[in-house]
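Good morning, colleagues. Please take a moment with the sequence and the structure before I describe them.

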Amino acid sequence: EMAKYEPKTKANDADPLKFIGKVKSATQRQDSLELVEMMRDITGEPPKMWGPSIIGFGSYRYRYASGRSGEICVTGFSPRSNALVVYLGTGIDNDELMGKLGKHKHGKGCLYINKLDDVDRKVLRMLIEYSIKTPRKHRAE
């Protein structure tokens, strides 16, 4: 019998601001606080810890064709030792905005930024707004 799939990343009651306070780099702490304000403003949702290291905003349920389902934040970020990881979802596919963003790397649905001063904050904001408005393939309403 297959084990029920348990998503690793779940919302919990840890304090996001305490978590940010423990981030080693002062620049990253400052950038994290700025991202909290930006994402709170865009989503109208308070910051919440998802798993041990992701600060997320809002949530939606997803369901894959396989039947696997769960809940994940609508947008969020994680201050990692090598970069700030912004979870952009579908925003990553917006070539026009991504082209104007500035210095970054990206993977599937994730944006990697060394520091906010490396990117155009207005464009970053537009990307986050775009990613929230553009429905994800596996979203279960």
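Predicted model: local features only at pLDDT ≥ 70, side-chain atom pairs only at ≥ 80, totals over all residues.

What percentage of the 141 residues in the chain is made up of buried residues? The figure is 41%.

Let me begin with the overall layout. The chain has four helices and nine strands. Read from the N terminus, its elements follow the order β-α-α-β-β-β-β-β-β-α-β-β-α. The accessible surface amounts to about 8,600 Å², and carbon and sulfur atoms account for 51% of that area. As for contacts between residues at least 6 apart in sequence, 52% of them link residues that are at least 24 apart.

I turn now to the sheet. Seven strands form an open sheet in the order β1-β2-β3-β6-β7-β9-β8, and their pairing is antiparallel. The strands β1, residues 11-12, and β8 lie at the edges with a single partner strand each, so one side of each has no neighbour in the sheet.

Several of the pairings can be followed residue by residue. Strands β6 and β7 are antiparallel and are joined by four bridges; here Pro79 is found opposite Leu84 in β7. Four bridges also connect β7 with β9, again in the antiparallel sense, and Tyr87 faces Cys110 of β9. Lys105 has Tyr112 as its bridge partner in β9. Two residues separate the strands of this β8 and β9 hairpin, in which Gly109 adopts a positive phi near 75°.

Next, the interior. In soluble globular proteins, nonpolar side chains tend to be buried together. Which residues touch the most other members of the largest nonpolar core? They are Phe77, Val86, Leu88, Leu111 and Leu124, in a core of 25 residues. At least two residues of this core come from each of α2 (26-43), β3 (54-57), β7 (84-87), α3 (95-100), β9 (110-113) and α4 (121-133). The greatest contribution is that of α2, with five residues.

Setting aside residues up to four places away in sequence, its contacts include Val86, Leu88, Ile92, Met98, His104 and Leu124. There is also a second, separate core of six residues, among them Ile54, Cys73, Tyr87 and Cys110.

I come finally to α4. This helix has 13 residues and extends 18 Å from its first C-alpha to its last, close to the expected 18 Å. Its buried residues are Val123, Leu124, Leu127, Ile128 and Ser131. Why do these residues lie on the same side of α4? They do so because they cover an arc of only 140° around the axis. The buried residues of α4 pack against α2, β6 (75-79), α3 and β9. The exposed residues Lys122 and Lys133 are carried on the face turned away from that buried side.

Asn94 sits in the loop between β7 and α3. Is Asn94 buried or exposed? Its relative accessible area is 13%, so Asn94 counts as buried, the cut-off being under 20%. Apart from neighbours within four places in sequence, Asn94 contacts Leu127 and Tyr130.

Thank you for your attention.

Note on methods:
Residues numbered from 1 in each chain as written. Heavy atoms only, no water. Core = buried A, V, L, I, M, F, W, Y, C linked by side-chain atoms within 4.5 Å. Buried < 20%, exposed > 50% of the residue type's maximum accessible area, 1.4 Å probe, protein only. Contact = heavy atoms within 4.5 Å. Pairing = 2+ DSSP bridges. Areas by Shrake-Rupley, 256 points an atom, 1.4 Å probe, with all protein chains shown as cover. Expected span 1.5 Å × (residues − 1). Arc of directions from axis to C-beta.
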